[in-house]
Amino acid sequence: MVAGLPSEFAAQRKRTPRVSTIDRLAGQTLTQLRDEYRKDLFSDFLPFMEKYVIDQQYGGFMCNADHHGKRINENKLSWFEGRGIWVYSYLYNNLARQKKYLDVAGRSLEFILKIRPSGDALWPKELTREGKAITSADGEIYGDLFIAEGLAEYSKATGDRTHWDMARELVLKCVRLYDRDDYRPTIGQTYLGPNAPSFPGARIQGVWMVLIRVVTQMLNMRADSDLERAAHRAVDAITKYHYNPGFDLINELLNHDLSRPQNEYAQLVYTGHSIENLWMLMD
């Protein structure tokens, strides 16, 4: 997947890695950091989730809670159902093989699949606690990609390929929608406010980022030529097109044909996405 990378990336890859002698981060040893994170996870975060966020009645996650656990409302987001399924499946697969964690993922999965849309439709973004749509699908494919990511990790936990196959269908559906020249026409509002001009068919670093993360995990489970092509496309898009040698940063938005826009978005850089995307590309 590194074939054809721009020369500046290829040169980086050829350099001999330097052996680090650092044995501390933020003044702590790796053992101390591990113990701190273990405590944060198992003594703080997971108990908080169980008490205030996980819906014991209907399944899923009510994430609109403050730091004390008071719920602002009981609504749910399809984005966070997908992410939650992944978190608890990954937790079961890698950190704590306890059935209670897999059950949380399974109940969220059951909740979200009850309203699975047909064809190329997308999940509604916001739902009531019971699972009724509050808002319609907003045209973004992120939510469906997060659900696909959760499905794949859950499949790994259960050994049931059905959910991996379902994830594959979702990813390929999302690629089809992303390839439409009218994909997400109101994207500018996310970055520049409600009065920002629309940008029909924009190519978005954030989409490639989520796509490469999902398909990398899925391809680690089993080979698939269609997902492999999607991975290649994501790598090429970021390294050959979104990366801008003019200012040595990554453009968040490009035209649909991957050319650089000559509009308000010409120098838009989303540094958070860039940092995320680069570690995902390395992985």
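Me: Which exposed residues does the face of α10 turned away from its buried side carry?

Reply: This is a predicted model, in which local features need pLDDT of at least 70, side-chain atom pairs count only at pLDDT 80 or more, and totals for chains, interfaces and linings use all residues. Residues are numbered from 1 along each chain as its sequence is written, and side-chain values use heavy atoms, without hydrogens and water. Exposed means over 50% relative accessible area, buried under 20%, and partly exposed in between (1.4 Å probe, protein chains only). On the face of α10 turned away from its buried side, the exposed residues are T271, I275 and M282.

Me: Which residues of α10 are buried, and why do they line one face of the helix?

Reply: An α-helix has 3.6 residues a turn, so residues three or four places apart point the same way. In α10 the buried residues are H273, S274, N277 and M280. Viewed down the axis of α10, they fall within an arc of 135 degrees, so they line one face; the arc is that of the directions from the helix axis to the C-beta atoms.

Me: Where does helix α2 bend, and what covers its buried residues?

Reply: A bend is the angle between axes fitted to the seven residues ending at a residue and the seven starting there. Helix α2 (residues 30-53) bends by about 30 degrees at L41. Its buried residues are L33, L46, M49 and V53, and their cover includes β1 (24-25), β2 (28-29), α3 (78-95) and α4 (99-113).

Definitions and conventions: Helix = DSSP H or I, 4+ residues; strand = E, 2+ residues; numbered from the N terminus. Contact = heavy atoms within 4.5 Å.
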